[in-house]
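Please work through the exercises below with the sequence and the model open side by side, and try each task before reading its solution.

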Amino acid sequence: MRLSQYFLPLLKETPKEAQIASHRLMLRAGMIQQSSAGIYSWLPLGKKVLDKIADIVREEQNRAGALEIMMPTIQPAELWQESGRYDDYGAEMLRIRDRHERDMLYGPTNEEQVTDIFRAHVRSYKALPLNLYHIQWKFRDEVRPRFGIMRGREFLMKDAYSFDTDAQGARAAYNRMFVSYLKTFARMGLTAIPMEADTGPIGGDMSHEFIILAETGESGVYFHKDWLNADLVTQVNYDEDLQPVIDRFTSLYARADEMHDPDQCPVPADELMSLRGIEVGHIFYFGEKYSAAMGASVAGPDGSNKPVHMGSYGIGVSRLVGGIIEASHDEKGIIWPRAVAPFDVAVVNLKVGDDTCMTCADDLYARLQAAGADPIYDDRDDRPGAKLAAMDLIGIPWQIIIGPRGMDNGVVEVKNRRTGEAVEVSPDSALTMVMQDAE
Ligand code: 5CA
């Protein structure tokens, strides 16, 4: 992408309304624009990161055996009256009346909708296990939307729903999602800590929140320090019995501040950590809560009908954009982990009028594209300092900087955004360095 043809409305001033780094940086980097409280437009750079995150989530859901569907944002009130949640959900639910005076709502979550799909089609245990998910916009009329897209009113969520014949099957489905969440967050360069949690308005008797660590996080968490230094999941595959794996993880202990009891804590004091974090995922097992109320039953091998056991599994896809920034930034701007970076590499031509610089930059840009990278090319005529600051702000993992002084010696500068290390090398070596990191 040539920057001269892109839409990247960077802000020079630090926006006053933004209290935390990710919100400030997303506004300054031209990723989002507020429409009304807790509701945002996603501009090209922001949309690209959002899609990359959604793609990783989608791939890992598919690997874990979940099937993608798409349910509507607007749901009929009847479904929620059937489950009994229409009144319970309260003021957080945006209620809408259509032209025929029918009560509708903008979905805050989809347990009822998916149960309705299930009961219309599935009659036998033979169709199970089944796990259906979608990636869709939700609306919750939060009392205090804040921190930009982190606590929005409209937000993008991946929500999966599992259906099993019994509690044991449901536990296996829960375990698969548990493991897939750890894999998903690890791919984004995040350490996610699964913490025993309250079930809240979703209901049920087993639940874990997945917390990524950040000072500005809204959740306090106590946990065993091994969560920080171990690559705990990449080796786990779905064919093995996951229960021992889950038991090993959960023995590492993680509790919310409110649920931590120092007298009961199994972790020795010198191995216990207490930090703040952001909830990026939440999984629930709630058994027959919705299936019994809404008549979602299947016939078992003996012919008798029983309500299915369900769980639901959420990931805050839009919240993750902010969460990753909270976990990975410095005073100059965002530092994207490669897997979610909007572009792999920035080609920065410091002197646009200079023929040698121009030829070298054009050539590198073309070769990076041909090699399968996704470069952003700053071909604008601007001050070198402003150009470099812009690339630092938007957090591209590598910068290849081309200037007249280097060109006299046949070299360009390759800078790593995370480490700040810069080396002068030939254009060929620059290409190799950047492409090797992609592998
Ligand atoms: N139906 C269940 C799981 S599918 C559910 O709705 N769970 S939830 O309420 O915990 O939400 C799932 C995830 O959505 C949360 O872990 C969080 O990452 C994200 N989320 C929830 N509320 C907001 C919000 N107001 N703004 C941004 N993300 C949110």
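The exercises that follow concern a predicted model, and each solution goes step by step.

**Exercise 1. Helix α8**

Task: Determine which residues of α8 are buried, and work out where they sit around the axis.

Solution: Begin with the cut-off, since a residue counts as buried when its relative accessible area is under 20% and as exposed when it is over 50%. By this criterion Leu242, Val245, Ile246 and Phe249 of α8 are buried. These residues cover an arc of only 95 degrees around the axis, which puts them on the same side of α8. Turning to the other side of α8, one finds Arg248 and Ser251, which are exposed.

Next consider Asp247, whose place is in helix α8, made up of residues 242-251. With a relative accessible area of 41%, Asp247 is partly exposed. Asp247 also belongs to a patch of negative charge on the surface, where it gathers with Asp239, Glu240 and Asp241.

**Exercise 2. Salt bridges**

Task: State how many salt bridges the structure holds, and then examine which parts of the chain are tied together by the pair Glu112 and Arg85.

Solution: The count for the structure is 32 salt bridges. In one of them the side chains of Glu112 and Arg85 meet, with an N to O distance of 2.8 Å. Because Glu112 lies in helix α5 (residues 111-121) and Arg85 in helix α4 (residues 85-88), the pair ties together parts that are 27 residues apart in sequence.

Now take Asp437 and Arg338, whose side chains meet in a salt bridge of 2.9 Å, N to O. Asp437 lies in helix α14 (residues 427-438), while Arg338 lies in the loop between β18 (333-334) and β19 (345-349), so this pair ties together parts that are 99 residues apart in sequence. Asp437 counts as partly exposed, at 36% relative accessibility.

Then look at Asp98, which forms a salt bridge with Arg102, the closest N and O atoms being 3.6 Å apart. Here Asp98 is partly exposed at 23%, and Arg102 is partly exposed at 47%. Finally, a network of salt bridges links Glu59, Glu60, Arg63 and Arg187.

**Exercise 3. Backbone exceptions**

Task: Find where a cis peptide bond occurs, and decide whether Glu101, with its positive phi, is buried or exposed.

Solution: The cis bond joins Leu128 and Pro129, with omega at about 0 degrees, and Pro129 is found in the loop between α5 and β7 (130-139).

For phi, Glu101 has a positive value of about 65 degrees although it is not a glycine, and its place is in the loop between β5 (94-97) and β6 (103-106). At 57% relative accessibility, Glu101 counts as exposed. Phe147, which is likewise a residue other than glycine, has a positive phi near 60 degrees and is placed in the loop between β7 and β8 (154-164). Phe147 counts as buried, at 14% relative accessibility.

Note on methods:
Residues are numbered from 1 along each chain as its sequence is written. This is a predicted model: local features need pLDDT of at least 70, side-chain atom pairs count only at pLDDT 80 or more; totals for chains, interfaces and linings use all residues. Side-chain values use heavy atoms; hydrogens and water are left out. Patches are made of residues with over 30% relative accessible area and no salt bridge: like charges are joined within 9 Å, nonpolar side chains (Val, Leu, Ile, Met, Phe, Trp, Tyr) within 5 Å. Accessible areas come from the Shrake-Rupley method with a 1.4 Å probe; for residues, only the protein chains shown count as cover. A salt bridge is a side-chain nitrogen of Lys or Arg within 4 Å of a carboxyl oxygen of Asp or Glu. Lys and Arg count as positive and Asp and Glu as negative; His and the chain ends are not counted. The place of a charge is taken as NZ of Lys, CZ of Arg, CG of Asp or CD of Glu. Helices (H or I, at least four residues) and strands (E, at least two) are DSSP runs, numbered from the N terminus. Buried means under 20% relative accessible area, exposed over 50%, partly exposed in between (1.4 Å probe, protein chains only). The arc is that of the directions from the helix axis to the C-beta atoms.
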